[in-house]
Amino acid sequence: MKKSILTIACLLLIAKINAQTTVIADSNDSRVITTGMPFLLIAADARAAGMGDMGVATSVDTYSQQWNSSKYAFATDAQGVGVSYTPYLSQLVNDIFLGNLTYYNKLNERSAFSASLRYFSLGEIEFVETEESIPYIEKPYELSVDAAYALKLSEQFSMSVGMRYIRSDLRLTNYDADAEAASTFGVDISGYYQSEEEAYDSFNGRTRLGFAIQNIGPRFKYSEAGVENFQPTTLRLGGGFDFILDDYNKVSVTGEVTKLLVPTPPVTGKEYNYVDDNGNGQYDDGEETTETNPGTSVIIDGKDPDVSFISGMFQSFGDAPGGFSEEIKEFTYAIGAEYSYQDSFAFRAGYFNEAEEKGARKYFALGAGFKFSSVTVDLSYLFGASKVPSPLENTLRFSLAFNLGADTYTEY
């Protein structure tokens, strides 16, 4: 009897030693951060596009609403309206585009009101079940409507608060009857500093600084049982300097860094039971495995991204599985320059860079602007510099701005 009990105990001990658990990483893990409603990140105006998609610290213009609405407090024209059109994937289709309408009103010397409408059309998608069936047409789209108020807190610094309503209708009702349009709201907070003109040896100069935290708002989903998506909450920081050569010529240089305040996807894997044949306490290739919880994933490195949007904003600064070196790669940067002559003509150039592991967007941009009385025309063109083609590569973008007010304001 004692021998039987001892034998059973030994067998249980051996089974306990040999039956191990391991977690094997998925081979398709991605470090690229994705969000819902990414159309909010597309540069809608040709001036910003011509300098590498930047605008948080450039001088004020009609389209400041997308980048930093606090700049409107420094506007010298009383009112302005901007209309822009951006073809998207123009090398493949001709009916996907981003349209933008912007308006601002300088209320007095210190404050301004602004609003804009962005409409992103994904064109017509035709579905045909059989050769004899009537084609079914879907026209998915996304849009946003926002308004902001800017106020000078001092002669050289202003801040702004904006509110945005966003709707994304990507439903394919013929395939998913439960799908519905998603909608949410977001908040922008921004600030802008512009120094007075200072005299140097051979030119005058002016410093510009700006920041913006955009699309701060709740997560959203496309169906009751769907996955919650993050908005493209974005931090923008920038600075620039104006070289005012004389009464007619000015050269402006600006730099900007951007980071999505959205959790980084963690390294995940699946948990398996395996038989430790050689008793070395670790999984070796060829050892028999059995998945413990089919359909579930285990976080190997990083943090759980299923958090609230507020927690996600703070978590985004320290959740990259690769540590600090990977966090730095999540910042994109852009540098741009603009030469203007008598505020009637401008030539622009810029460069945008994103780390290879985070999307590999790299491109150069050129742009020009012309002012005729109260109308300004801006154009831009993008040149790809990455092995990953840009949807806007070799695309000509243009925008129009109209000065509606006869009144003018001083900068200070």
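Trainee: Is lysine 259 buried or exposed, and at what relative accessibility?

Mentor: Lysine 259 counts as buried, at 1% relative accessibility. Buried means under 20% relative accessible area, exposed over 50%, and partly exposed in between, using a 1.4 Å probe and protein chains only. This is a predicted model, where local features need pLDDT of at least 70 and side-chain atom pairs count only at pLDDT 80 or more, while totals for chains, interfaces and linings use all residues. Residues are numbered from 1 along each chain as its sequence is written, and side-chain values use heavy atoms, with hydrogens and water left out.

Trainee: Which side chain meets lysine 259 in a salt bridge?

Mentor: Glutamate 330, at 3.1 Å from N to O. A salt bridge here is a side-chain nitrogen of Lys or Arg within 4 Å of a carboxyl oxygen of Asp or Glu. Helices (H or I, at least four residues) and strands (E, at least two) are DSSP runs, numbered from the N terminus.

Trainee: And glutamate 330, buried or exposed?

Mentor: Buried, with a relative accessible area of 7%.

Trainee: Which ring has lysine 259 over its face at 5.4 Å from the centre?

Mentor: That is phenylalanine 317. The charged end of lysine 259 also sits over the ring of phenylalanine 331, 6.0 Å from its centre. The rule asks for NZ of Lys or CZ of Arg within 6 Å of the ring centre and within 35 degrees of the ring normal.

Trainee: Back to salt bridges. How many does the structure hold?

Mentor: It holds 18. One of them joins arginine 348 and aspartate 378, with the closest N and O atoms 3.1 Å apart. Arginine 348 is in strand β18 (residues 345-353) and aspartate 378 in strand β20 (residues 375-384), so this pair ties together parts 30 residues apart in sequence. Both residues, arginine 348 and aspartate 378, are buried.

Trainee: Which residues are in one network with those two?

Mentor: Arg47, Asp61 and Glu338 join Arg348 and Asp378 through salt bridges that share partners.

Trainee: Changing topic, how many aromatic pairs are there?

Mentor: The count is 19. Rings of Phe, Tyr and Trp (its six-membered ring) pair if their centres lie within 6.5 Å; planes under 30 degrees apart are stacked, over 60 edge-to-face and the rest tilted. Phenylalanine 74 and tyrosine 192 have ring centres 5.5 Å apart and planes at 75 degrees, so they are edge-to-face. Both phenylalanine 74 and tyrosine 192 are buried.
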